[in-house]
Amino acid sequence: MGESNYIKVWEECLRIIKNNVPEAVYSKWFKPIIPVSLKDFTLTIEVPSDAYMRKLEEEPLIDILKKTLKRVIGEKVKLMYNVRVLSNSVLKYEHQTLEGPQNKDINIPIDDKEKMNPFVIPGIQKLNIKPGLNPKYSFENFIEGNCNRLARSAGETVAQAPGHNPFNPLFIHGGSGLGKTHLSQAIGLRVKELNPDKIVLYVSANVFKTQYQNAVVGNMITDFLHFYQQIDVLILDDVQEFTSKGTQNVFFHIFNVLHQEGKQLILTSDCAPSSLQGFEPRLLQRFRWGLSAELLQPDYSTRVKIFKAKSANEGIELPDDVVEYLANKVTGSVRELEGTILTLMAHSTYNKESITIELAKRVTKQIVNVESCELTLEKIKTAVCEYFKITPDMIVSKTRKREIVQARQITMYLVRNLTKTSLASIGSQMGGKDHATVLHACSTVSDLMDTDRNIRGYVADLERQLKPNK
Ligand code: ADP
Ligand code: MG
């Protein structure tokens, strides 16, 4: 039978299996399998979960499967599993024992077998979990300066001996655009370079949160936990986004398991562990176990280095006086420095201008203007009122009407997350509430976002509207 016709091949297998096992076993364990491909005698099948695959790998099911595949596809057959873990990822496993002769090459002393962990299925080898790393975020591209030296060198230590160093977890914190994502990914890339077999996973807290929510809805928590417990180096970016208790708890659990097994954790956040709001004390305590290292705004000499290196990367050479001017004028985050270079380049390319101090002056002026469009409580309040079609005095009134209360809470939540307004000031501007009321409103909204799709949608819409480029 031709390899391209893997569906037919699988149908033939099913026909044989059906004749050899009880109907109930057939419909429970074989019928749900979806054939994926057949190439070079390797049949890939998709199974609903990890637990399902483990069951298939046990006697007597594996026996039936093995015999049938050999008969239909040939002695050389190999079996691969795609396990649906979470909506957006499949785990791939290889079953090796199907291929008889190859086993003989593996030299395992007999008595070692007895010591094997009973939970490790022999013959199954984990193939790959995509680490989610961007090759451009390497250590080589991460410019060193006083502003990041401690964090950078801690990162290098961690990458050399993940899990076996004093910095576990490594907690990297700092303002937006200062290089948290870049540095944490650099560690992951370096680990992969030195140890390609280590399972590294970079995940943003928001993605983790969504995966968890999907796992709850799909009744797949066990698979979710199992997936995360296999990671050797887990990089969790922007942990400050974990505002709900549900996500915090599940992460606490994963953290403990990984830490106990000597796996490395790397966390990033926009503030120090001690300033993380709304976090459970036991979680904060864990975060302080290792090292917390801060990324600071680049100082003058680092800014010079960054302007030089990044422009060279883009294939342009900035005159020294321009570099000096920019390094004096643009004093924000690394992301802003990058933005400045890109704008400069765009101007010089489209207008065929050479890059001079004059051009640099015009460009930096625009950047400063852009920055002054800061979000304020007023702007957010107006946007929320328009969105829910209510008036500004309704939102600050004392009414307990459900829609109004909800709009009011969402406003406080957004102001808290998108501006630096203090709790007390939010409270007083929202109709004379105290800071505890504001805190309560914020946690109500984040809890609701975990469970209520509508609320999640409202908040996402509003955030998009208020911060279009975030
Ligand atoms: P954060 O995650 O802290 O918001 P990012 O890691 O996304 O910041 O960094 C913003 C941009 O600045 C990225 O393009 C990153 O490559 C760059 N960047 C940050 N720090 C450095 C550095 N030390 N050297 C080179 N590029 C950097
Ligand atoms: Mg980031």
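Which polar backbone atom is 2.7 Å from an oxygen atom of ligand 1? The polar backbone atom belongs to Gly177. The legends below refer to a predicted model.

**Figure 1. Polar contacts of ligand 1.** An oxygen atom of the ligand is 2.8 Å from a polar side-chain atom of Glu338. A nitrogen atom of the ligand lies 3.3 Å from an N or O atom in the side chain of Asn148. Ligand 1 on its own exposes 550 Å², and 93% of that is buried by the protein.

**Figure 2. The shell of residues around ligand 1.** The ligand is surrounded by 17 residues. The closest are Ile143, Gly177, Thr181, His182 and Lys310. By class, the shell holds five nonpolar, eight polar and four charged residues. Two helices, α8 (180-194) and α15 (334-350), each contribute at least two residues to this shell.

Figure 3. The bond from Asn168 to Pro169 is cis, and its omega is near 5°. Most peptide bonds are trans. Pro169 sits in the loop that runs between α7 (149-160) and β6 (170-173).

**Figure 4. Asp40 in the loop between two strands.** Asp40 is not a glycine, yet its phi is positive, at about 45°. Most residues other than glycine have a negative phi. The loop that holds Asp40 lies between β1 (34-39) and β2 (42-47). With a relative accessible area of 64%, Asp40 is exposed, because a value over 50% counts as exposed.

**Figure 5. Lys389 in the loop between two helices.** Here a positive phi of about 55° belongs to Lys389, which is likewise not a glycine. Lys389 is placed in the loop between α17 (377-388) and α18 (392-395). The relative accessibility of Lys389 is 71%, so this residue counts as exposed.

How values were computed: Residues numbered from 1 in each chain as written. Chains lettered and ligands numbered in written order. Predicted model: local features only at pLDDT ≥ 70, side-chain atom pairs only at ≥ 80, totals over all residues. Heavy atoms only, no water. Near = heavy atom within 4 Å. Polar contact = N/O pair within 3.5 Å; in protein donor to acceptor, adjacent residues only side chain to side chain. Areas by Shrake-Rupley, 256 points an atom, 1.4 Å probe, with all protein chains shown as cover. Helix = DSSP H or I, 4+ residues; strand = E, 2+ residues; numbered from the N terminus. Nonpolar A, V, L, I, M, F, W, Y, C, P; charged D, E, K, R; others polar. Buried < 20%, exposed > 50% of the residue type's maximum accessible area, 1.4 Å probe, protein only.
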